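The following exercises ask for a reading of one protein chain, from its overall division down to individual contacts. Each task is followed by a worked solution.

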Amino acid sequence: MTRPARLDAAAAQALATSLPGWALAADGKSISRRFKFKDFDATMSYVNRLAAVANAHDHHPDLKLGYNYCEVLFTTHDAGGLTELDATCVRAAQQLADEPGAPSHEAPPMLKLYGFPVSNYTNMVELALLEKALPFEYVLTFPEQTPEFLARSPRGKVPFLGTPQGFINEADAILDYLEDVDQTKRLLPEDPQARATVRALMKEIELYIELPARSCFAEVFFGGKVPEAIKSKAREDLLAGFATLKRHARFAPYVAGETFTLADIVFLYSVDLAAAVGKQLFSLDLLVDIPAAQALLQRLGENPHVKTIAAKREAGLPAFVSAVRARLQGGS
Ligand SMILES: N[C@@H](CCC(=O)N[C@@H](CS)C(=O)NCC(=O)O)C(=O)O
């Protein structure tokens, strides 16, 4: 039998682009998609039809199944990457899901994320959406106090999420909603005690680290001046906040233990900014005696979704900083 031709990087990318929902692995050697179904029967019906197609081509995908989902991954092991045979089978796998009369896979609700890439709270929500592979539209939005804006986000902040039923504001409420609508990739443990611990860690990081650090952002990032009394309170709060983190987080290697959870998302987008505040305003290395936290920041930085978000943040940073500086100097 002739070996199927290997797809070069451009052809592999073109294949993924032509099939919405399919994603190339970071190393470009496989392509996968998660299909959601309404129940177990619909999932199994799809899997059985896919098995027939795979047998017909003598090319079999790696499958991961749950009650209402199936993840399909194609690669050609012999070729060490993607080939024409994968392209044929991926198209067939997609066609099976699209067939009229097939027990259809449910289209997940279309979500809209309103925020901007320099906003750490927006980035928390974007990372959860990407980790869960939920389709969403990113609507670039800056905070406002206009009646139209306040009707969607009552405190005039981002992020907020557009759902088929309306809007949700406050990052933790949005993160909870995402967990409620998608359990295929869980970001909260099912066990009530473990779940509550993750929530406690999220809250501790936000209240005792993110918020005190935020009270000094104007001076650290935007060239403004923060009153001494606020800075001195922030210093005290940050020391207590990091001591709390050291006491409570497990870093094994993730904040709450062995699995990546929402606590890691809040940690990632709070601790780096707080550490910058500690260093710049107080010459303090707030992470110095928590090496496991430093290691976790590094590990999380390797995540491809985190890298994507960081690249967007870098690109948006200069314009954002100039706009805020101009506003602070203008006194408005
Ligand atoms: N408690 C809010 C905080 C969100 C927040 O502080 N957002 C910032 C951007 S990172 C914002 O909109 N700031 C504008 C303002 O405070 O007017 C949440 O959890 O969503």
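**Exercise 1.** What distance separates the centres of domain 1 and domain 3, taken over C-alpha atoms?

*Solution.* The model is a predicted one. Begin with the division of the chain: domain 1 covers 9–98, domain 2 covers 111–181 and domain 3 covers 192–301. Taken over C-alpha atoms, the centres of domain 1 and domain 3 are separated by 40 Å.

**Exercise 2.** Determine the strand order of the four-stranded open sheet and identify its edges.

*Solution.* The order is E1-E2-E4-E3, and the pairing is antiparallel. Strand E1 (23–24) and strand E3 (62–66) each have a single partner strand, so one side of each lacks a neighbour in the sheet and both stand at the edges. Next, consider E2 (residues 31–36) and E4 (residues 69–74): these strands run antiparallel and are joined by six bridges. Within this pairing, Ser 32 is placed opposite Leu 73 of E4. Finally, helix H2 (residues 40–57) lies across E2, E3 and E4, at about 25° to E4.

**Exercise 3.** Classify the packing of helices H4 and H6, and describe the residues of their contact.

*Solution.* Helix H4 (residues 120–131) packs against helix H6 (residues 171–181) at an angle of about 5°, the axes being 10 Å apart. Angles under 35 degrees count as roughly parallel; H4 and H6 are therefore roughly parallel to each other. H4 contributes Tyr 121, Met 124, Val 125, Ala 128 and Leu 129 to the contact, while H6 contributes Ala 171, Ile 174, Leu 175 and Leu 178. By class, the contact comprises nine nonpolar residues, no polar and no charged.

Terms used:
Residues numbered from 1 in each chain as written. Predicted model: local features only at pLDDT ≥ 70, side-chain atom pairs only at ≥ 80, totals over all residues. Pairing = 2+ DSSP bridges. Helix = DSSP H or I, 4+ residues; strand = E, 2+ residues; numbered from the N terminus. Contact = placed C-beta atoms within 7 Å. Axes fitted to C-alpha atoms, helices over the stretch in contact; angles between N-to-C directions. Domains from an automatic or database assignment. Parallel < 35°, antiparallel > 145°, perpendicular 65-115°, else oblique. Nonpolar A, V, L, I, M, F, W, Y, C, P; charged D, E, K, R; others polar.
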